[in-house]
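Please open the model in your viewer and keep the sequence panel at hand.

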Amino acid sequence: MEAAGTGSGCSAKLVAACVIGGIVLGASVLALHLSGPVAIPSLPPVDELRRRFRRRRRPVRVYMDGCFDMMHYGHCNALRQARALGDELIVGVVSDDEIIANKGPPVTPLHERMMMVRAVKWVDDIIPDAPYAITEEFMNKLFDEYNIDYIIHGDDPCLLPDGTDAYALAKKAGRYKQIKRTEGVSTTDIVGRMLLCVRERSASDSHNHSSLQRQFSHGHGQKIDDSGTRISHFFPTSRRIVQFSNSRGPGPDSRIVYIDGAFDLFHAGHVEILRLARELGDFLLVGIHTDQTISSTRGRHRPIMNLHERSLSVLACRYVDEVIIGAPWDVSKDMITTFNISLVVHGTIAENMDFMKDDLNPYAVPMAMGVYRRLESPLDITTSTIIRRIVANHEAYQKRNEKKEASEKKYYDSKSFVNGE
């Protein structure tokens with residue numbers, strides 16, 4: 001009986017609580033109705049939540065330095081690999097004085113090298129006048145001021161004149177990561193090609209030398225005894241092209257700008273004209289002429305770099321969206337229609353501007369269609385400018401290559417497979 005009575009009391013209390021709760025809820029609803037709409041706090045939008053999350057997770061910042069003299073696709077591939085190891089890539093560009101002290105005279109001055117590095121699409125920021133060796137003071141500056149997490153370098157050794165490792169301190173600190181060196185090219189290699197070009201030009205035509213372009217287009221590298229330069233092999237692969245590509249096409253309403261050329265020994269002049277061309281539209285398509293086309297218009301010793309090498313250098317430029325590998329000399333109406341080209345441009349500084357006077361003007365069609373524009377080139381630099389720098393200081397660069405050859409030979413003799421992309 002006591003248990004039953006207790007149960008009845010609980011039921012009564014429960015009923016009373018429900019009635020009172022209903023009255024309170026009803027009064028609250030009525031009050032809300034009479035007082036008008038009330039702002040109810042909402043959750044932040046998804047984009048804001050993502051931004052908050054990113055702010056909590058500090059990006060991984062990696063640092064890579066280099067001379068980046070006569071910048072080529074090997075440099076670009078190293079920067080691509082370095083960027084893949086973090087969220088942001090900061091690049092140190094070694095000063096002219098440091099290069100002279102450790103390697104010999106640079107071919108391109110610091111301001112041109114900075115233009116080149118800044119234009120690489122995997123680079124987030126640069127540090128000018130970086131030291132050749134990672135000193136303790138500079139390393140601490142990287143860690144404390146630039147928030148660098150890791151220092152990156154290739155698997156090829158970088159030794160100071162005294163034989164010590166330039167990255168020894170970074171390795172000791174446990175903040176060093178290594179990437180795979182890009183085979184088939186180096187600044188030493190390219191300078192060697194130009195030195196060979198100079199020697200072949202001075203030789204008698206009766207010696208039946210093969211053209212420089214033909215040697216490197218078909219991968220027939222050779223050891224050059226009198227300059228001490230080892231010419232290495234370039235192995236083009238489809239995967240490398242994909243790695244350098246943007247993997248996206250133009251939108252349906254994109255204004256497509258087209259510019260073509262040899263783009264041999266890709267330099268600051270190329271970068272600047274591509275930057276201006278890109279500003280004229282939404283999508284920049286670059287045509288790369290074949291080795292045979294360049295040889296027929298500029299001589300049998302050109303190009304210095306073959307079609308695949310030149311294509312990779314252009315693809316690495318942040319202003320370029322797509323390239324035509326082996327573009328025709330003439331820009332036809334069919335080509336303009338096929339690629340939906342809105343504007344064809346050409347710079348005022350080029351190896352040969354005589355084509356404008358010829359009956360076989362390659363831009364006759366876009367001119368007639370009213371879609372051609374001539375761009376004022378920001379820099380007075382051509383591939384011949386770079387070659388003249390080598391010729392003018394021929395002995396110094398030959399000594400530089402002889403000095404570098406020892407370390408190059410040691411690397412290739414002891415070379416082993418390194419897993420990397």
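Where is Ala119 found? Select this residue first: Ala119 sits in the loop between H5 and S3. Helices (H or I, at least four residues) and strands (E, at least two) are DSSP runs, numbered from the N terminus. The model is predicted, so local features need pLDDT of at least 70 and side-chain atom pairs count only at pLDDT 80 or more, whereas totals for chains, interfaces and linings use all residues. Residues are numbered from 1 along each chain as its sequence is written, and side-chain values use heavy atoms, with hydrogens and water left out.

Ala119 counts as buried because its relative accessibility is 2%; buried means under 20% relative accessible area, exposed over 50%, and partly exposed in between (1.4 Å probe, protein chains only). Now display the residues that Ala119 touches, where contact means heavy atoms within 4.5 Å. Not counting residues up to four places away in sequence, these are Val271, Ala316, Cys317, Arg318 and Tyr319. Val271 lies 152 residues from Ala119 in sequence, yet their C-alpha atoms are 7.0 Å apart in space.

**Second stop: the five-stranded sheet**

Next, select strands S1 to S5. These 5 strands form an open sheet with parallel pairing, in the order S3-S2-S1-S4-S5; two strands pair if DSSP finds at least two bridges between them. At the edges are S3 (125-130) and S5 (176-179), each of which pairs on one side only. On average, neighbouring strands of this sheet are turned by 30° against each other, direction ignored. Axes are lines fitted to C-alpha atoms, for helices over the stretch in contact, and angles run from 0 to 180 degrees between N-to-C directions.

Within this sheet, select S1 (residues 61-66) and S2 (residues 88-94), which run parallel and are joined by 6 bridges.

His153 is found in strand S4. Is this residue buried or exposed? His153 is buried, with a relative accessible area of 11%. Leaving out residues up to four places away in sequence, His153 touches Met64, Cys158, Tyr167, Tyr176, Lys177, Gln178 and Ile179. Tyr176 is 23 residues from His153 along the chain, and their C-alpha atoms are separated by 7.9 Å.

Select Phe68 and Met70. Phe68 lies in the loop between S1 and H3, and Met70 is found in the loop between S1 and H3 as well. Phi of Phe68 is near 50°, a positive value in a residue other than glycine; phi of Met70 is near 50°, again positive in a non-glycine residue. Phe68 is buried at a relative accessible area of 5%, and Met70 is buried at 7%.

**Fifth stop: the nonpolar cores**

A nonpolar core is a set of buried Ala, Val, Leu, Ile, Met, Phe, Trp, Tyr and Cys residues joined through side-chain atoms within 4.5 Å. Which residues of the largest nonpolar core touch the most other members? Of its 62 residues, they are Leu79, Leu265, Leu274 and Val286. Centre the view on Leu274: apart from neighbours within four places in sequence, its contacts are Ile259, Phe263, Phe266, Leu284, Val286, Cys317, Tyr319 and Val320. A second, separate core has 22 residues, including Ile90, Tyr132, Ile134 and Tyr176.

Select S11 (residues 341-347). This strand is largely enclosed by the rest of the structure, because 6 of its 7 residues are buried. S11 pairs with S8 (residues 256-261) in the parallel sense over 4 bridges, and the partner of Val257 in S11 is Leu343. S11 and S12 (residues 372-375) also pair in the parallel sense, over 4 bridges; here Gly347 stands opposite Leu375.

**Last stop: a cis peptide bond**

Select Arg302 and Pro303, whose connecting peptide bond is cis, with omega near 5°. Pro303 is placed in the loop between H12 (291-298) and H13 (307-315).
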